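Dear colleague,

Please find below the structure that I am handing over to you, with its sequence. My findings follow it.

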Amino acid sequence: MDLLFRSEILKAIRKYFYSTSVIEVVTPVIQKFASSEVFIESIEVKNYGYLHTSPEHAMKHLLSKYKDSIFQICPVFRANEIGSFHKEEFQMLEWYRSSFDLTKLLEETEKLLRFVLKEIAANFDCAHLLFPFQKISYKSLFLNTFSENPHTVSLKKLSQLSKSLNMPNINHSRSEYLDFLFALKIQPKIMAPTFVFDYPLCQAAQAEISFDDEGEMVANRFELFIEGVELANAYQELRDSGELLTRFNDNNAIRRLHGKKEVPVDYQLLESLPLMPKCAGASLGIDRLMKIISGSPDINKFYDTD
Amino acid sequence: MANYSTNEFKSGLKVMLEGDPCNIIENEFVKPGKGQAFNRVKLKNLRSGRVWERTFKSGETLESADVMEFEMEFLYSDGTYWHFMKTDGSFEQVASDKAALDGSEIWLNETDRVTVTLWNDNPILVTPPNFVELAVIETDPGLKGDTASGGSKPATLKTGAVIKVPLFVNIGEVVRVDTRTGEYQGRVKQ
């Protein structure tokens, strides 16, 4: 039964974090600032603010004061995301590990998932998910599929590749082309649990910049895909508020390009950032995890109250 | 005409695309993490029968197509038009030209029930039942008792269709045929 299914997963996640002394926190669902991300639309609560699209900003504010590892399981809200893998309200696990580098967080993500699967295995069949986890760079995936280096390929070439796949004809930024190509040709083929790391700079979001083993500048983040589904997303967290302000302003510039309203900059976050300890953070979609484990065709099923 | 946005797309919805009425078969919402959302849509062009794959920016709209499907009874053909009558008690009739039949005329048996697709009240597609029972009007003489040798021979049915039948089938016998593949399914006891 779905009710028990979710409960068992949540219990296992909490058991893992409590046993490793990560503190569970709660941050307000209603926030003063909307998400800065160009393609994540916040739901406005009139006279109050916005429903959070992720607890990222509030948790970073907490981190800047508390300084130690924290986790949260909460509902998050994103307007107009409706599909068999998407819901306008869904449940997210988000956690931050003080002093961790991204490699250590990657190892922990795998450990956490293996722990959860083991904990629920008595009542739910997880046998199909117990293969080894893989690791591959964004660059390798892109090279394998398109024979192009995603960090250096020209905008013109990206546009050609996208057009050949019937991309809707509008003005696109570099990141949009990359996303389109990745989502259409690469992501659906990732079946075994796979960590994809070293993202293009234009997709750094709130991750630090580092160098890959060939000396190319990359965003120090990873995503975990299982059976074609994006399950988790993690950053070596950026602590340079000047750099974050630049990225927020860039987002607003792209918003203007698409005729969207600009989003005021969350100055509270900019103030918190330098006080944050070195840390790595990840988020994981609980409903997608349920979908992957159960093989259910639609995540909306887990919200049936009839 | 109403417009449908990508988030209203669902299988069975009839929309206009590139001037042709289409039936949506599949609609998949795709959104890379922080990227722009789009919809991958499979549509069947109701005029050509071809299946198209298209990507739309989420939020894009398509005009609805005035397409309706009716169960109708096949009445007769005058050689140029095929005449059908609605089975809803209205006795309303429509005439379809050969283009809308697209080869399915060889399965049309008088009084059989078929599905007729109307676009702006004109027939654009006639779908015969999956299985029809038709009499054999011409074939080589049957080999009596030979029900096991596995050979086949051509047979012409009363509607003009030519199919392969087992050697034991005789003129005058009624056979059951799958109209999607044109394959013989068996003899029908009269």
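I begin with Asp101(A), which counts as partly exposed because its relative accessibility is 34%, between the limits of 20% and 50%. Please bear in mind that the model is a predicted one.

Asp101(A) sits in the loop between β6 and α3 of chain A. A polar atom of its side chain lies 3.0 Å from the backbone nitrogen of Lys104(A). Neighbours within four places in sequence aside, the residues in contact with Asp101(A) are Gln236(A), Lys278(A) and Ala280(A). Leu161(A) is 60 residues from Asp101(A) along the chain, and their C-alpha atoms are separated by 35 Å.

Lys139(A) belongs to helix α4 (residues 138–146) of chain A. With a relative accessibility of 7%, Lys139(A) counts as buried, since the limit for that class is under 20%. Which side chains make polar contacts with that of Lys139(A)? One is the side chain of Asp212(A), at 3.0 Å, and another is that of Glu216(A), at 2.6 Å. When residues up to four places away in sequence are not counted, Lys139(A) touches Asn149(A), Pro150(A), His151(A), Asp212(A), Glu214(A) and Glu216(A).

In soluble globular proteins, nonpolar side chains tend to be buried together. The largest nonpolar core here has 43 residues, and those that touch the most other members are Ile9(A), Phe17(A), Leu93(A), Trp95(A), Leu105(A) and Ile293(A). Two or more residues each come from α1 (2–19), β5 (70–77), β6 (89–98), α3 (102–120), β10 (217–226), β11 (229–236), β12 (279–285) and α9 (286–294) of chain A. Of these, α3(A) gives the most, with eight residues.

Ile293(A), again not counting residues up to four places away in sequence, touches Phe5(A), Ile9(A), Leu117(A), Ile120(A), Asp125(A), Cys126(A), His128(A) and Leu129(A). Another core of 25 residues lies apart from the largest one, and its members include Tyr177(A), Leu178(A), Ala183(A) and Phe38(B).

With kind regards

Technical notes. Residues numbered from 1 in each chain as written. Chains lettered and ligands numbered in written order. Predicted model: local features only at pLDDT ≥ 70, side-chain atom pairs only at ≥ 80, totals over all residues. Heavy atoms only, no water. Core = buried A, V, L, I, M, F, W, Y, C linked by side-chain atoms within 4.5 Å. Buried < 20%, exposed > 50% of the residue type's maximum accessible area, 1.4 Å probe, protein only. Helix = DSSP H or I, 4+ residues; strand = E, 2+ residues; numbered from the N terminus. Contact = heavy atoms within 4.5 Å. Polar contact = N/O pair within 3.5 Å; in protein donor to acceptor, adjacent residues only side chain to side chain.
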